[in-house]
Amino acid sequence: MQLIECPWCGPRDEIEFRYGGQAGIAYPGDPAAASDEEWAEYVFMRDNPRGWFHERWFHVHGCRTWFSIRRHTVTHEIERTPGSPGARDAGDPR
Amino acid sequence: MRRESGGRIDRSRVLRFTFDGRELTGHPGDTLASALLACGVRIVGRSVDLGRPRGIFTAGVEEPNALVRVGDEPMVAATAVELREGMRAWSLRGKGRLDPAAAAGDARHDKAYLHCDVLVVGGGPAGLAAALAAGETGARVVLLDGGPEFGGDLLSCRTLLDGAPAEEWISSVTARLAAFPEVRLLPRTTAIGYHDHNYVVAVEERDANRAAGDEGGQGGGGGGGTLGGRRLWHFRAGQIVLATGAHERSVAFPGNDRPGVMLASAARTYVNRYGVLPGRRAVVFTCTDSGHEAARDLAAAGVEIAEIVDPRRDGAVVTGTLADGEGILTGVVIGGREVACDLLAVSGGWNPAVHLFSQSRGRLRFDDALQAFVPEVSAQAERSAGACRGEYGAAAAVADGFAAGARAAEAAGLPARWQDGTTGPGGNGGGDPLRVPECDEPAQRSPAALWAVPAGDDGDRESFVDLQRDVTVADLGRAAGTGMRSVEHVKRYTTAGTGADQGKTSGAVTVGVVAGLLGASPGQVGTTTFRPPYTPVAFGVLAGRDRGRLSDPVRITAMHDRHVARGAFFENVGQWKRARHYPADGESMERAVERERRAARTGVAAMDASTLGKIEVRGRDAGEFLDRIYTNVFSSLPVGSCRYGLMCGADGMVLDDGVTTRLAGDRYLMTTTTGNAATVLDWLEEWHQTEWPHLEVSFTSVTDHWAVVAVVGPGARPVAETLVPGVDFDDFPFMTYRESAPARVFRISFSGELAYEINVPWWYGAALWEAALELGAVPYGTETMHVLRAEKGFAIVGQETDGTVTPQDLGMSWIVSGRKPDFVGKRSHSRPDTAGPGRKRLVGLVPARLPEAGVPATPDEPPGSGTPGAPEAAGEPGESGAAGDGEGTPTEGVLTEGVLTEGVLTEGVLTEGAQIVAAPGDRRMLGHLTSAYPGVALAMVRDAEAGDRLVAFDGREIPVTVVDPVFHDPGNTRRDGIPDAVRPLPAAADPEVTQWWRPERAVSPLAGFAERFAAAGTAGVTIREIPFLRMREVRGEAPKEGLRLGPGWWLTVEDPQTGAGAPAVDDGVDVSAQRAVVELAGPRVRDVLMTGCPIDLHPAVFEVGAHTQTLLARAQIVLHRAGPDVYRVLVRSSFAGYLAEWLLDALEGL
Ligand SMILES: [Zn+2]
């Protein structure tokens, strides 16, 4: 059971979260202009590293904040990424 | 046999038990194994493959032989089971077996969650010392030990500490630990798993501990011969000290498995701790100094030591054993010389118990001096202390424990007090509590590096490495001979180490023997992977209280009890219970559905539609946001109007659908399918937070706030008018909504008939339902709802769709806006594989002919006179004379009257899931049948046009004709009702019933629990519902009164005593009935909450006034600490019944 640090609620058990996959995959600015290949890249293709991975989590059973962390896919070590998307309110203390 | 005196047993009391039906006795303090030995039982089982007799081999959880059935537990180690009065045990022949027919045990298991600064696993000298050093700092410490008493190996030997028996040191340390308010001592608790981020799971023999506490002495517990209730602890620790000790190992030599062969440490434990003589005349075969100590203790207890064989002296080894007719040891062979004995005590060396360390991903190394694997590099916030890292001896272990405990506390952020000359907070000024006692043990020399005695081929076949799996040196040789080099391969090939003991005594021997075979060192071979659980765990313990009705939350609507009272049959939709049909007088489902359907098509019927997801979408940019999410346009929707919408994933596939209504310029009410409500809310928040945070919009679930009754049918209007008298029904067009507080009415239809969906707060749901039925509406369930929608060709997300279906595939291109520049999924609709030909599309199917029942149509038979292109014929069964005769006679187009098997029409009608092929005998699938009801079938089929003849294959081959999927009223002529169908309202309708809005008709979600709550209250905890509190969810950054649920997200709640703090009605979204409020009060509330809530509830962490969203049991809650011992649990109304049952169950187990 991993312990994941929600920027709003603090550390919580993994079961309170939903995994959100790779972080930093932005919605293309002009989808109509994307080629079929580029669009398929956005929709379907994700990295799957053995090692550090920048990924998103959603505190679904808590404050319902999306945030991103860097996590090692082998050791499960977690490193917070300040100012990551979805962590806008991280500075707002409880 | 039992010694005259000695041992930590209570000879003043006798415990009776049976073994294989024999009536035997022991004493409190015994294990089942020690009592069996005391009674002279030598054979405790037969080996799994070879059926060889086996005796007790160890005195702990590492036991490979003495696996027995105890009560209803099919397989437990007799060496780790405390003897209890009335215990019934049986030996096993081969494997333990689970008997599905056996009655479930009555033991009550549960779970608990606890956070701490320092968790110490193991209560021997090192663990006690570590807990003391950490406890002295004021740290929150938990100390676990699997045994009933702390002390570990000190309880098994005669070591003197500071010149006194070790138990005096143990007593003083445990007393000191018990005095620390932040230290929790858990005997009889075995850590079974060390998981990510310092999460440790442990099993406590809770009933036994409670019984011991009650008696103030050694544990009984779990009467009736069972093992009693256990608790599965989940610890989250800042720092962990592993003080798990070491296991002695054997040596492989011929005949080393005879009853009478025992580990030297076990023999020592039996004489010292249990006052039992495991033999009268012993040979000790030892590679270690500890074996010599065992010999001394055996001799002191009166056992004749025939000989001590130590390979370090002249290479002496035991080369064989002698046995009597039963296979019991009578002597040993030492290099051709026979020595008579009835006990062979063996010490091959010690294996530090690195199981948990390895589970934590720590790295091991092989220590040549110790001849053992020891921890090298930690992977988590953990340190090992004492024998589990090769620091043997009591004094060394205590010193190591003090250091580890102090460093752990320091690392957890507490000031270290170790060796600074002061006493800790619990100090009494009586000297340094962290002084290492003087110990009389001799220093230990390195053990002999002996794993197996060379014995030749015949001998190797009798030289056992893994006693439980009957794996011999010869088996390992065969594995190596096939070319296996990895010990993991050898393990899987030979099964060595795969028994219930997971190789605790055999693993290192396997490695040593394999290393010898490969000409490598044990360190080069390495160990196999250590995996949880450390000791076997019963499935019932893992389940805890999540069994039976509590196994998964059951979500119910406000009308649930009314459905039950009417004899409804239910179906599970996700966690929801939905009324499927309401059989009258023993009707079959088929007949009930036909009756319900007819009411909806010809008169008036009512359905509980409360389970549909409901999300209030609010904010300046709400319309813009919905335009991006839905395939069609919502920003232009007039206020007061409803529109059906479809949303897609980025891949262009249909995600969900529903009707969304514009309540005001900046407020929409979205509905979702029942099963997707949570997914859609997540989806909206994901896009808002991660892609479009600049849009001013927020989402509030109101699914549980609103109870919904759909009043449906051509005669629906007078019923609806009576139910909501404040609405002008003359001015109420299709796809609009009207509000007459507290009701909202939506004129939308999922059946094609005139319909009004009346929404009222949960509290009034049951009353509204009764009122509708009092006014003559016929209740109908989800099965009829499915038939009605299928007849209209309405696809259901999740039934017709499966994540590979686009709106275009459903024939719904009309709902996909071409004008909007973009919406989620739009770009994917022009990808070659979604826009191209050959995709499966939604079609209707009708049977092409009427074959004789049970006789498959043969390929040679031409299709009969079907009704191609004439869906009206098949699609108007409700109006046909055949269906109107009141007998539910199958209508035209139905093969025969269906037969129900497990609720599915399996015979006579088309079958859901049937494969669609082009022609009889064809096996190329064109699609599959997604919905099938009498006369109506929908399918997803490629390359099909109306009029095509195809075959539905469900084991039978049934010719079908493709038709338009809209079977019923394709011209939509019926949605405004049929004046002729309007019937006068029942004259006898009782206004007391029909006036659902009267205040006294309101029912809170837990009203039915009031008496049970009152009865369950104790001095420790009381429980009550606080009903009808006004609540609103408010968004914004400005500080607000109330509970903060998340960033810019507030729940304002009126004060239950004063009504103060009541939210303003124009502020945010009314969610008063969305959640039920349960108040738990009393000094033991935390003991209740900890059994299901994973967050840290320590009173200094979760302070008075604190509140958060988290989980309790399997329900999402808002937890609010309203006072020092007062906690409020806010839970969604549909989950309230589940959580109330769970809480009552928890109170029972306190
Ligand atoms: Zn959170």
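Reader: How many residues does the contact take from chain A and from chain B?
Author: In this predicted model, chain A puts 41 residues into the contact and chain B puts in 39 residues. Contact here means heavy atoms within 4.5 Å.

Reader: What goes into these values, and how do I read the labels?
Author: Residues are numbered from 1 along each chain as its sequence is written, and chains are lettered from A and ligands numbered from 1 in the order in which they are written. Because the model is predicted, local features need pLDDT of at least 70 and side-chain atom pairs count only at pLDDT 80 or more, while totals for chains, interfaces and linings use all residues; side-chain values use heavy atoms, with hydrogens and water left out.

Reader: OK. What area is buried between chain A and chain B?
Author: About 3,600 Å², and carbon and sulfur atoms give 48% of that. Buried area is the accessible area (1.4 Å probe) that two parts lose on being put together, summed over both.

Reader: Which residues of chain A lose the most area to chain B?
Author: A:Met1, A:Tyr27 and A:Arg64, which together account for 18% of what that side buries.

Reader: And how many salt bridges are there across the interface of chain A and chain B?
Author: The rule finds 7. A salt bridge is a side-chain nitrogen of Lys or Arg within 4 Å of a carboxyl oxygen of Asp or Glu. The side chains of A:Asp36 and B:Arg827 form a salt bridge, at 2.6 Å from N to O.

Reader: Which helix or strand gives the most to the side of chain A that touches chain B?
Author: Strand S2 (10-13), helix H1 (36-44) and strand S4 (52-58) of chain A each supply at least two residues of that side. H1(A) gives the most, with 6 residues. Helices (H or I, at least four residues) and strands (E, at least two) are DSSP runs, numbered from the N terminus.

Reader: New topic. Which residues coordinate the zinc ion?
Author: A:Cys6 (SG), A:Cys9 (SG), A:His59 (ND1) and A:Cys63 (SG) do, at 2.0 to 2.4 Å. Donors are N, O and S atoms within 2.8 Å of the metal (3.2 Å for Na, K and Ca); water is not among the atoms, so sites may look incomplete. In sequence, the spacing of the donor residues is C-x2-C-x49-H-x3-C.

Reader: Why is the arrangement tetrahedral?
Author: Because the 4 donor atoms subtend angles of 101 to 124 degrees. Four donors count as tetrahedral if all angles lie between 85 and 135 degrees.

Reader: Are A:His59 and A:Cys63 buried or exposed?
Author: Both are buried. Buried means under 20% relative accessible area, exposed over 50%, partly exposed in between (1.4 Å probe, protein chains only).

Reader: Back to salt bridges. How many are there over all chains?
Author: The count comes to 87. One of them joins the side chains of B:Asp546 and B:Arg1114, at 3.9 Å from N to O. The two residues are 568 residues apart and link distant parts of the chain. B:Arg1114 is partly exposed, at 41% relative accessibility.

Reader: What about B:Glu791 and B:Arg597?
Author: Their side chains meet in a salt bridge at 3.0 Å, N to O. B:Glu791 is in helix H21 and B:Arg597 in helix H16 of chain B, 194 residues apart. Both B:Glu791 and B:Arg597 are buried.

Technical notes. Four donors count as tetrahedral if all angles lie between 85 and 135 degrees; four count as square planar and six as octahedral if opposite donors are over 155 degrees apart and all others between 65 and 115; anything else is irregular.
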